[in-house]
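Dear colleague,

I am handing over the structure below, and my notes on it follow. Please read them with the coordinates open beside you.

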Amino acid sequence: MGNVMSYSGIVTKIRAMQAKLLTDQDFEKIASLGSVTQAIEYLKEQPAYAGYMNKLDISLYHRGNVEKVLYQSLYGDWVKMFRFAGMEQKKFLKVYWKRYEIDLINYCLRIVFNHYDKPFDLDYKKEVFDRYSQICIDRLITSRNVDELVENLKGTEYYAPLCKIKESGEGTMFDYDLALELYYFVTLWKKQRRNLKKKELELFTRDYGTKIDLLNVQWIYRAKKYYHMTPPDIYSLTIPIHYRLNVEEFKALVEAPNVEQFESLLQNTYYEKKYHFAGGKTIEQLYKDCLRQLYLVDRRRNPYSIATISTYLFLKEEEIYKLTTALECIRYGLTPRETLRYLGGVIQ
């Protein structure tokens with residue numbers, strides 16, 4: 001009863017937001033539209049996006065601006081949950097928010113690394129970040145190079161891991177990106193496991209332990225298939241946390257001499273037995289499919305828990321990814337069938 005009482009407000013709010021997520025039929029309709037303008041007009045009719053899209057002037061109808069509006073919707077949903085959350089749920093959401101902070105830092109790193117002439121485009125994030133983030137956007141946008149960007153993060157938790165790379169004098173964009181990713185997952189794992197208790201901790205461990213395992217599998221596969229990296233280099237880019245993929249299995253996958261041997265070893269793991277990787281899908285799509293199945297099952301079995309929060313955020317983020325992909329496919333004139341294939345399935 002205690003969990004029902006503590007979660008009743010936020011679960012009711014999430015159910016209302018869940019009802020506004022796009023359906024299979026919505027994505028089929030969007031894929032069939034002939035222009036980005038038509039797709040935007042369609043989104044203006046959808047409850048989750050109407051309030052944001054209707055502020056978009058027709059002269060700004062292109063993917064970049066639409067993506068900003070979609071992320072405003074995501075941030076808006078996070079804020080709604082935060083306002084309805086109890087103390088423990090707020091702790092969970094604050095740690096989750098670090099994902100969006102890291103995305104912001106990565107965007108800024110790309111601007112300064114590539115010496116883009118265009119200015120930082122962060123006005124659409126500023127209102128929510130000023131209120132809920134440790135990062136000061138007004139400071140970040142003054143950065144003219146990587147060193148200044150890192151210094152402008154002083155006072156945040158991200159300064160220390162990035163400062164080490166800066167002081168080496170040899171940091172690449174990949175090094176900074178990797179440092180942020182590893183810091184995020186290790187921090188997430190430690191803080192949430194310290195914050196959560198009993199059933200909540202069990203759900204978090206299963207959901208995020210699986211996510212980390214599957215990300216490691218995905219990164220090992222890419223490192224071998226596309227970059228032909230050596231085992232020592234692969235170890236350096238993986239998350240040092242193991243859940244269902246034990247240390248011996250993990251080591252065998254990293255040290256497999258080729259992709260074929262890697263795939264053969266993967267067949268003997270828990271994840272092959274549970275999710276069946278064979279079937280023609282990319283390893284990236286399998287990652288998303290496995291997580292979607294896990295989140296939906298956990299939410300169904302434990303509706304008054306963090307599973308409802310995690311599942312909604314996962315589905316919303318997937319929806320935004322699919323919408324931006326669909327808009328890009330439409331812009332390039334792909335057929336509806338080709339567009340739906342790029343979407344890799346539909347949100348359930």
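Leaving aside residues up to four places away in sequence, Leu 245 touches Asp 213, Val 217, Phe 250, Leu 253, Thr 269 and Tyr 271, where contact means heavy atoms within 4.5 Å. Residues are numbered from 1 along each chain as its sequence is written, and the model is a predicted one, in which local features need pLDDT of at least 70 and side-chain atom pairs count only at pLDDT 80 or more, while totals for chains, interfaces and linings use all residues. Side-chain values use heavy atoms, with hydrogens and water left out.

Leu 245 lies in the loop between α13 and α14; helices (H or I, at least four residues) and strands (E, at least two) are DSSP runs, numbered from the N terminus. Its relative accessibility is 1%, so Leu 245 counts as buried, the classes being buried under 20% relative accessible area, exposed over 50% and partly exposed in between, with a 1.4 Å probe and protein chains only. From Val 95, Leu 245 is separated by 150 residues in sequence and by 24 Å in space, C-alpha to C-alpha.

Turning to helix packing, helix α12 (residues 198–225) and helix α14 (residues 247–254) pack at an angle of about 20°, with their axes 10 Å apart; axes are lines fitted to C-alpha atoms, for helices over the stretch in contact, and angles run from 0 to 180 degrees between N-to-C directions. The two helices α12 and α14 are therefore roughly parallel to each other, given that angles under 35 degrees count as roughly parallel, over 145 as roughly antiparallel, 65 to 115 as roughly perpendicular and the rest as oblique. On the α12 side the contact is made by Asn 216, Val 217, Ile 220 and Lys 224, and on the α14 side by Phe 250, Leu 253 and Val 254. The residues of this contact divide into five nonpolar, one polar and one charged, where Ala, Val, Leu, Ile, Met, Phe, Trp, Tyr, Cys and Pro count as nonpolar, Asp, Glu, Lys and Arg as charged, and the others, Gly among them, as polar.

The axes of α12 and helix α17 (residues 283–301) come within 10 Å and cross at roughly 175°, and α12 and α17 are therefore roughly antiparallel to each other. Among the residues that make the contact are Leu 203, Leu 214 and Tyr 221 of α12 and Tyr 287, Leu 291 and Leu 294 of α17. By class, the contact of α12 with α17 has 12 nonpolar, two polar and six charged residues.

Two backbone values deserve a look. Lys 198, in helix α12, has a phi near 50°, a positive value in a residue other than glycine, and at 76% relative accessibility Lys 198 counts as exposed. His 228, in the loop between α12 and α13 (231–237), likewise has a positive phi, of about 50°, although it is not a glycine, and at 63% relative accessibility His 228 counts as exposed.

As for the cysteines, the count comes to zero disulfides, a disulfide being a pair of cysteine sulfur atoms within 2.5 Å. Cys 136 is in no disulfide, and the nearest cysteine sulfur, that of Cys 108, is 11 Å away; Cys 136 is partly exposed, at 32% relative accessibility. Cys 163 is in no disulfide either, with the nearest cysteine sulfur, that of Cys 108, 17 Å away, and Cys 163 is buried, with a relative accessible area of 9%.
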